[in-house]
Amino acid sequence: MSKIPLVAANCRFESETTSVSSVVRTDITFVIDVQNITKRYGHHTAIDRVTFSVAKGEVLAFLGPNGAGKTTTMRILTCFMPATEGHARVAGFDCTDQPLDVKRQIGYLPETPPVYQELTVTEYLTFVGRLRGMTGQTLTAAFDRTIGRLELGAVRHRLIGNLSRGYRQRVGLAQALLHDPPVLILDEPTVGLDPKQIIEIRELIKSLAGSHSVILSTHILPEATAVCQRVVIINKGRIVAEDTPEQLSARLRHSEKVSITLKAVPSDCEMKLRAIPGILNVLPGQAGGSFLLECELGRDLRDEIARLVVSSHWGLLELRTISMTLEDVFLQLTRHEDHLAEPAEAMVSAPAEQTDA
Ligand SMILES: Nc1ncnc2c1ncn2[C@@H]1O[C@H](COP(=O)(O)OP(=O)(O)OP(=O)(O)O)[C@@H](O)[C@H]1O
Ligand SMILES: [Mg+2]
């Protein structure tokens, strides 16, 4: 191991003699608590008064387009660099004043996995484990558990530099999980993985919920919905929304939408549909014979629509409600510059109830 350059992979680890999580604060409300952090690079403001929190056991998605400030926020939380203004605390420890205490509590997967190409997977994870203060049976048990969790057994003796990108990403995740930290900060954890691996890693993250607090950044909307209980949407350095995926779509919906497909489309069909009380608009659908009906918010008109179609003998082939996807929400919030002038405070709701202290 003497040949290994002792540059910190992404954070400074403690010495071998220090226990992995020597101090655990139990008097805290949120495991991650970010208050008004701003980061400026010269005149450029990368993040602007970002505030959010994560309760114990919660998995939070940090969702935003390129350059939104996701990585910057994560780098501040992992003590990679300080915020220009504001405070961030992890497990009760201040990211500026108590960086070693913070680092003991977290596992961090940066955008580029912090792996040494010239080491084998076993050598590298052993090295990381020792930097984390593990030796002997503790290290062996942690190594075996992590290798099993990330299915790295088949490549354990291979040089990391010769692994495929997806496997290097897995090794990066392995170093974040090795010491089983209570807090995980994962910057785009599924980038570069194939669809099967993506599903496996999402399952792994889901299995951490409850016992671990996780922040993961992603551009992939289904990932946020599949894995996370709460979503923070960030755009150009400012938080524009924070809620559960379901609540976000419910809040931004201006009307209920019903899609119907008819066998026969007589000329008076559209007019008769418009005449149903509560229908706001009738738009042609993508397929022949289909329509998109916009209904007043809060009204379920499926029964009335079905009755009209059946009594008119138009032949009802399909009738379904259309819900707003997280993708619609994301586009709506990140498309318009006017959301930046005034962050959508009404969109920000209280975080999920804390499950434990
Ligand atoms: N070291 C730096 N010096 C100057 N500007 C920087 C630096 N690092 C990041 N930025 C700028 O800060 C802003 C936020 O960048 P950041 O990397 O946090 O975005 P991101 O949301 O992670 O984007 P992506 O989805 O592409 O990873 C961008 O405008 C970026 O150009
Ligand atoms: Mg990034």
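At roughly what angle do the axes of helix 3 and helix 4 cross? Keep that one in mind while I set things up.

So, hi everyone. This is a predicted model, so local features need pLDDT of at least 70 and side-chain atom pairs count only at pLDDT 80 or more, while totals for chains, interfaces and linings use all residues. Residues are numbered from 1 along each chain as its sequence is written, and chains are lettered from A and ligands numbered from 1 in the order in which they are written.

First, the overall picture. The protein has twelve helices and 14 strands; those are DSSP runs, H or I of at least four residues for helices and E of at least two for strands, numbered from the N terminus. Out of 357 residues, 40% are buried. Buried here means 20 or more other C-beta atoms within 10 Å of a residue's own, exposed means 12 or fewer, and partly exposed is in between, with C-beta atoms placed from the backbone. If you take contacts between residues at least 6 apart in sequence, 73% of them join residues at least 24 apart. A contact, by the way, is two C-beta atoms, placed from the backbone, within 7 Å.

Okay, back to the helices. Two packed helices are described by the angle between their axes and the distance between the axes. The axes are lines fitted to C-alpha atoms, for helices over the stretch in contact, and angles run from 0 to 180 degrees between N-to-C directions. Helix 3, residues 121-131, and helix 4, residues 136-149, cross at roughly 130 degrees, and their axes come within 10 Å. That's why we call helix 3 and helix 4 oblique to each other. The cut-offs: under 35 degrees is roughly parallel, over 145 roughly antiparallel, 65 to 115 roughly perpendicular, and the rest oblique. On the helix 3 side, the contact uses Leu-125, Thr-126, Gly-129 and Arg-130, and helix 4 brings Leu-139, Ala-142, Phe-143 and Thr-146.

Now helix 3 with helix 5, residues 165-177: the angle is about 25 degrees and the axes are 9 Å apart. That makes this pair roughly parallel. Here Val-121, Tyr-124, Leu-125 and Val-128 of helix 3 meet Val-171, Ala-174 and Gln-175 of helix 5.

Next stop, ligand 1. Which element gives the most residues to its shell? It's helix 1, with three residues. The residues around the ligand include Tyr-41, His-44, Asn-66, Lys-70 and Thr-71, where being near means a C-beta atom, placed from the backbone, within 6 Å. By class, the shell has three nonpolar, seven polar and one charged. For those classes, Ala, Val, Leu, Ile, Met, Phe, Trp, Tyr, Cys and Pro are nonpolar, Asp, Glu, Lys and Arg are charged, and the others, Gly among them, are polar.

Last, a few single residues. Most residues other than glycine have a negative phi. Arg-49, in strand 2, has a positive one, near 50 degrees. Arg-49 counts as partly exposed because it has 15 C-beta neighbours inside 10 Å. Lys-236 also has a positive phi, about 45 degrees, and sits in the loop between strand 9 and strand 10. And Pro-266? What is it, buried or exposed? Exposed, because 12 other C-beta atoms lie within 10 Å. Its C-alpha atom is 7.8 Å from that of Trp-314, 48 residues apart along the chain.
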